[in-house]
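Biologist: Hi! Could you walk me through this model while I have it open?

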Amino acid sequence: MIRVLLILCLMAPTALAEEVVGALSQNRVAITANFDGSEIFVFGAVKRVAPVPDDAQPLHVVVTIQGPDERVTVRRKERWFGIWVNRDSIEVDQAPSFYTIATTGPLEEIMSATERLRYGIGFDRVVRLVGAPDTVSDPRAFTAAIVRINKDNGLYNQLDGSIELSDETLFSTNVALPSNLVEGDYKTAMYLLRGGDVVNVSRTVIEVRKAGLERFIYTMAHERPLLYGILSIMVALAAGWGASEAFRLLRR
């Protein structure tokens with residue numbers, strides 16, 4: 001028993017030889033009426049309690065930022081008698097509203113498939129379709145459509161080689177957040193890798209919240225829908241009256 005404990009004690013420093021210590025330029029993003037996007041500066045360092053062996057595999061870093069999950073209904077259009085109509089539809093159980101992967105190199109080369117599956121890294125891992133009707137053919141095409149559309153809208157990004165790593169100790173990268181963000185907590189993870197395996201992980205959260213007029217309108221619409229509806233009608237009537245008066249003055 002004592003021999004086993006000694007072996008475990010000797011192995012512990014090797015297993016924890018490297019640790020990632022990361023930080024963000026900001027942990028809170030305010031969505032205001034004139035919000036046009038933001039940029040997060042991700043930086044960190046590698047903390048070591050033991051020297052790195054000379055024959056060690058190269059060090060790599062992967063950073064992921066994932067927004068709140070949503071249930072998305074995807075419809076497939078088909079041509080029917082010369083008209084495009086909605087045919088099949090599937091509700092995708094889980095799809096992040098925002099997802100970015102930044103790496104020091106090609107993701108498939110620096111991180112093994114086993115580790116990507118274990119930590120759920122990759123568009124095919126975060127967009128999940130649990131079940132699909134038997135009448136729908138090729139259900140994976142629906143999840144692929146979500147990824148493609150979100151990439152076009154700047155919500156899904158894979159930035160291979162965008163992380164700068166200096167002397168296998170300091171790393172940094174910039175991640176752009178678009179203006180069409182969804183309010184919620186954005187999970188941020190920094191992975192340290194050697195030989196395709198994850199050595200250590202650091203996690204934090206970016207809080208994205210509406211502020212100012214946006215927060216006032218959002219709160220009223222969800223907590224006082226009747227008052228929100230009345231005010232909306234009054235604003236519409238006032239805008240219509242103002243437009244008609246302006247048009248009447250211009251005709252004079």
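Biologist: What should I know about the numbers before we start?

Modeller: This is a predicted model, where local features need pLDDT of at least 70, side-chain atom pairs count only at pLDDT 80 or more, and totals for chains, interfaces and linings use all residues. Residues are numbered from 1 along each chain as its sequence is written, and side-chain values use heavy atoms, with hydrogens and water left out.

Biologist: Thanks! How far apart are the end C-alpha atoms of helix H5?

Modeller: They are 19 Å apart, which agrees with the 18 Å that the 13 residues of H5 (140-152) should span at 1.5 Å a residue. The expected span is 1.5 Å times one less than the number of residues. Helices (H or I, at least four residues) and strands (E, at least two) are DSSP runs, numbered from the N terminus.

Biologist: And which residues are buried in H5?

Modeller: Phe142, Thr143, Ala145, Ile146, Val147 and Asn150. Buried means under 20% relative accessible area, with a 1.4 Å probe and protein chains only. Just after H5, Gly154 has a positive phi of about 75°.

Biologist: How many bridges join E3 to E10?

Modeller: Eight, between residues 38-48 of E3 and 170-177 of E10. Val42, for instance, has Thr173 in E10 as its bridge partner.

Biologist: New topic: is Glu115 buried or exposed?

Modeller: Glu115 is buried, at a relative accessible area of 4%. This residue is found in helix H3 (residues 113-119). Leaving aside neighbours within four places in sequence, Glu115 is in contact (heavy atoms within 4.5 Å) with Gly196, Asp197 and Val198.

Biologist: Last one: what does strand E11 pair with?

Modeller: Eight bridges join E11 to strand E4 (residues 59-66), running antiparallel, and Val62 has Tyr191 in E11 as its bridge partner. Another eleven bridges join E11 to strand E12 (residues 197-210), also antiparallel.

Biologist: How many residues sit between E11 and E12 in their hairpin?

Modeller: Two, and Gly195 in the turn has a positive phi of about 60°. E11 (residues 184-194) is mostly covered, with nine of its eleven residues buried.

Technical notes: Buried < 20%, exposed > 50% of the residue type's maximum accessible area, 1.4 Å probe, protein only. Pairing = 2+ DSSP bridges.
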